[in-house]
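Here is a brief report on selected local features of one protein model.

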Amino acid sequence: MSARRLLSLSAFVFSTAVCAQTPISLDQAMTHPDWIGTPVEQAWWSADSGSVFYRQKLTGSPVRATYRVGADGNIQRVESAGWAQLDEAQQSFDRSRQRALFVRQGDVFLRQLGSNSLMQITKSAERGANPQFGSDGSVLFQRGNDWFASRNGLIEPVLQLKAENDPKKTPPPSAASAHELRLIATLARQKAEREALSKDRDDRRAGDGSGAMPATYLGSKLDISGSTLSPDGRYALVMTTEKGADEGQAGKMPKYVTESGFEEFENVRTRVGRNMPLAQKLWLVDVRAQRVRELDFSTLPGIATDPLAALRKAQKLDALKGNRAVRMEAPAVWSADGTQVALMVRAIDNKDRWLVGVDFAGGKLNVRHRLTDPAWINWSFNEFGFLPDNRFWYLSEQSGYSHLYVGEGKAAKMLSSGKYEASSVQWNADGSQAYFLCNRRWPGDYEVCRVNRDGSDLREVTALDGVEDFSLSPDGKRLAVRYSGSYLPVQLALVDAGNGDTRKLTDTRTAEFKAREWIEPEYVQVPSKHGAGVVWAKLYRPKNAVAGKKYPIAMFVHGAGYLQNVSARYPVYFREQMFHNLLVQQGYVVLDMDYRASEGYGRDWRTAIYRQMGHPELEDYLDGIDYMVANHQGDRSNVGIYGGSYGGFMSFMALFRAPQAFKAGAALRPVTDWTTYNHEYTSNILNTPELDPEAYKKSSPIEYVENLKGALLISHGMMDDNVFYQDSVRLSQRLIEMKKHNWTMASYPLERHGYVQPESWYDQYRRIYELFEENLK
């Protein structure tokens, strides 16, 4: 380990030097980010481990170019004939690791590693997906929900699924039909002839083996939502929903500035609780026997127990009858030999996740692992699969942090442990070692860790601080690592998987951006007076503060709720980081906090907001004010706050619920009423409005409007299909009805949730800057 890595945590966190600042203008900070240099967006290996490919946006263009890094380290753009030999990122290998499959432009390709030859398997307008090697050496791939095999140059259907009634299985004749057949001999004879011809065709097809596998009919009362096929082609699993099920009323978003010159409307998502996600059923198909069996979920432990029974009773709603509804949203994973399968079943109420296998002979499920949470199961950390010897592995938050396990049930072995998170697992070819992302040193320092299958020798392989993701080479010898820094957009490095030797390959920053000196964020730990221990934060302050002077405090709230912004990585909010430089330049101190519910800090931190969004987080920001006043000459009487999306929601909660603490705030694309947001996110945290109205009332800013005292800016894109513009319109009506003063609303007709146009970015942040200048100084 380098000397830098041996620095004590306290020295690293609290003694980071603040560089002399190159002045930044608002126009420069908010202009198109191409001036910074475009990042490396994706990196992957060729099937033979000889080359690394990556994609990068071209300056001044929306086009992403592809580049190849050769064994000598030279980088060349893939163009013209080079495309014909390109290996794509998602590769599937045979068990001997001598052949690889991938999909390029919707067609399936096979790479022979010995000769390095490339064969195109399909050439069709119908897109192929999920290619895999069959147990007999054939190539299997999917089109829609159907599966096909390529054998000796012949492509044949292996599984054709029909959400229809089987036409050969005619229902018993009605009384009238039976009456006619008994009386009219000609009708009876014609019927017998049709049946004889049909049987003859089936017999001949079965006899010569040249005919396609007949379709499998699932019935006309369902819709097919997904399918997966075993490598031996023997069994398939099919997910379905009820045909014609009510998915809830979708919204209609008006668009006022259009090419047509007329207002137009766009269909957008339903609101939370307007209809639950459609429950799914799971079917086991014996492909050869054409036998279909429904797999029974009633064997899942806890499936019939309602964790929301108390809330249901309090709202005088009917008690749950039978099993809870479930969905299977992650792809099923098969063992290499096709004898085992694993898939994730998730309760629609978000309280349980089961990893299950299938007893093919018995036609029933078996539970490999159950994770239950009284708040909600995380949407991350749900990876699982099989090792080459068919042993099962998975990630689970059951210890309070996501960690890696091998085995099933009580016999599972925990390979990683501690107050950090393990994610993005990749095993080497023989299953002897696992590589994964980890933040062991401090929550914002991400590296690649490695551990042996028996749990021994867990160590950090990289020393890059801001690892974004990585790809293990097929031969297991090297890692292609995308990494970044506070002012370093994502770059590419090659790391020796054995000794950690690192070769940085790219620096895509422009000369103009590299020439600037920025204020490096100081990573600080804000003491919590509310039982949270410490809250990690980024601090931006003047290099040479004037003794005795009090500085107005600007506080930033990151979006998404479950997101981490206090890390050594290049921030999602890179424009805001430049804006923080500008604020310090103009005499502010800035604090950017990973409040409770942020990513990277374990299960308890994540679920602290269950049924009370905006409450623990506000406590953290109030503690942040105390910290700034006590340690960094912050002026308690002049505090401003701003953020977008969840950050906009929190700006409302700060101004509405702690008006004595915040003098000004800007709420950008904000949620104002959680009853109008989407189901997938909101129901995890607040259940549904019908079931838990108090949680929605407690958590929605629109319920606290009467408390506003400070200056407020609302900013929203009118084409926002995530947090609807209607949210801000409804809250503005409440402000009008409350006769509130000192608030403004800025609307952006051509922006969605994530702004794109530099003019919109500039206008929005000009307003925030003016809001702070007019009210905090």
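The model is predicted, and local features are reported at pLDDT of at least 70.

Strand 35 covers residues 478-485 and is mostly covered. Seven of its eight residues are buried. Strand 35 has a partner in strand 34, residues 467-472. The two pair in the antiparallel sense, over five bridges. Leu-472 faces Leu-479 of strand 35 in this pairing. Strands 34 and 35 form a hairpin, with five residues between them. The turn holds Gly-476, whose phi is positive at about 75 degrees.

Strand 35 also pairs with strand 36, residues 488-496. Again the sense is antiparallel, here over seven bridges. Arg-478 has Asp-496 of strand 36 as its bridge partner. Strands 35 and 36 form a hairpin too, with two residues between them.

**Empty space**

A water-sized probe rolled over the atoms shows where empty space is left. The second largest pocket holds about 950 Å³. Its lining counts 46 residues, and the closest to the pocket centre are Tyr-570, Pro-571, Val-572, Tyr-573 and Phe-574. Which helix gives the most to the lining of this pocket? Helix 7 does, with three residues. Helix 7 spans 574-585, and both this helix and strand 36 supply at least two lining residues each.

How many cavities of 30 Å³ or more does a search of the whole structure find? The search finds one. The largest cavity holds about 40 Å³ of space. Its lining includes the aromatic residues Trp-376, Trp-379, Tyr-562 and Tyr-681. Gly-561, Ala-597, Arg-606, Ile-609 and Ile-685 also line the largest cavity.

**Surface patch**

Leu-183, Ile-184 and Leu-187 form a nonpolar patch on the surface. Together they have about 240 Å² of accessible area. Leu-187 sits in helix 4, residues 185-208. With a relative accessible area of 37%, Leu-187 is partly exposed.

**Single residues**

Met-119 lies in strand 8, residues 117-120. Met-119 and Phe-109 are 10 residues apart in sequence. Their C-alpha atoms are 5.7 Å apart in space. Met-119 is partly exposed, because its relative accessible area of 47% falls between the 20% and 50% cut-offs.

Most residues other than glycine have a negative phi. Two asparagines have positive values. Asn-350 has a phi of about 75 degrees. Phi of Asn-742 is near 60 degrees. Asn-350 lies in the loop between strand 23 (341-347) and strand 24 (352-359). Asn-742 lies in the loop between helix 13 (725-737) and strand 45 (743-748).

Is Asn-350 buried or exposed? Asn-350 is buried, because its relative accessible area of 7% is under 20%. Asn-742 is partly exposed, at 47%.

The table collects the relative accessible areas given above.

| Residue | Relative accessible area | Class |
|---|---|---|
| Leu-187 | 37% | partly exposed |
| Met-119 | 47% | partly exposed |
| Asn-350 | 7% | buried |
| Asn-742 | 47% | partly exposed |

Technical notes. Residues numbered from 1 in each chain as written. Predicted model: local features only at pLDDT ≥ 70, side-chain atom pairs only at ≥ 80, totals over all residues. Heavy atoms only, no water. Buried < 20%, exposed > 50% of the residue type's maximum accessible area, 1.4 Å probe, protein only. Helix = DSSP H or I, 4+ residues; strand = E, 2+ residues; numbered from the N terminus. Pairing = 2+ DSSP bridges. Patch = residues over 30% accessible without salt bridge, like charges linked within 9 Å, V, L, I, M, F, W, Y side chains within 5 Å. Areas by Shrake-Rupley, 256 points an atom, 1.4 Å probe, with all protein chains shown as cover. Salt bridge = Lys/Arg side-chain N within 4 Å of Asp/Glu carboxyl O. 1 Å grid on protein atoms, 1.4 Å probe; cavity = no way out; pocket = protein on both sides within 12 Å on 5 of 7 lines; lining within 4 Å. Points joined across faces, edges and corners; volume = space filled by probe spheres on them.
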